[in-house]
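The following exercises concern one protein chain and are to be worked with the sequence and the structure in view. Each task is followed by a stepwise solution.

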Amino acid sequence: MYKATTQGIRVCVEPRFVEEESQPEKRKFFFAYTVEITNMSTTRVQLRSRHWRITDGEGNVQEVRGAGVVGEQPTLGPGESFTYTSGCPLTTPDGTMQGSYTMLADNGETFRAEIPAFSLDSPFVKRVLH
């Protein structure tokens, strides 16, 4: 599990390769990731938007931005958590993801909560040892 904490907002990510939705012979590799966002601060916050930086195994980068996550903009009081699962298709058997959530605190402050960099690995990755 990958973890990062920013201004009391803890983001934990657990990625996995989804073999049943992948077709390696057609360069289709599907990964799912479960994210748990926990408000460890003393202030109520709302997740307003997301920004992802997805890098495939060949170094190609895709940026994804949008409102909320999985169609929601959850509000978290102190000690509350929100968990969701989403997915990422790649044309390579491995890659990485990282990013941030734009959070709005009750006091009107907007800040970015870091999403830790995490690796997307399938059993089809060819490793070369020197």
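**Exercise 1. Locate valine 69 and determine whether it is buried or exposed.**

Step 1. Valine 69 sits in the loop that joins β5 (61–67) to β6 (75–76); strands are DSSP runs (E, at least two residues), numbered from the N terminus.

Step 2. The model is a predicted one, in which local features need pLDDT of at least 70 and side-chain atom pairs count only at pLDDT 80 or more, while totals for chains, interfaces and linings use all residues. Residues are numbered from 1 along each chain as its sequence is written, and side-chain values use heavy atoms, with hydrogens and water left out.

Step 3. Valine 69 counts as buried because its relative accessibility is 1%; buried means under 20% relative accessible area, exposed over 50%, and partly exposed in between (1.4 Å probe, protein chains only).

**Exercise 2. State which residues valine 69 touches, not counting residues up to four places away in sequence.**

Step 1. A contact requires heavy atoms within 4.5 Å.

Step 2. Under that criterion, valine 69 touches Leu47, Arg50, Pro74, Phe82, Tyr84 and Tyr101.

**Exercise 3. Identify the residues with the most contacts inside the largest nonpolar core.**

Step 1. A nonpolar core is a set of buried Ala, Val, Leu, Ile, Met, Phe, Trp, Tyr and Cys residues joined through side-chain atoms within 4.5 Å.

Step 2. The largest such core has 28 residues, and Tyr33, Trp52, Tyr84 and Tyr101 have the most contacts inside it.

Step 3. At least two residues of this core come from each of β2 (9–17), β3 (29–39), β4 (45–56), β7 (81–90), β8 (94–105) and β9 (110–121).

Step 4. In soluble globular proteins, nonpolar side chains tend to be buried together.

**Exercise 4. Describe the surroundings of threonine 6.**

Step 1. Threonine 6 belongs to strand β1 (residues 2–6), and its relative accessibility of 17% is why it counts as buried.

Step 2. Apart from neighbours within four places in sequence, threonine 6 contacts Phe111, Arg112, Ala113 and Glu114.

Step 3. A polar atom of the threonine 6 side chain lies 3.0 Å from the backbone nitrogen of glutamate 114.

Key: Helix = DSSP H or I, 4+ residues; strand = E, 2+ residues; numbered from the N terminus. Polar contact = N/O pair within 3.5 Å; in protein donor to acceptor, adjacent residues only side chain to side chain.
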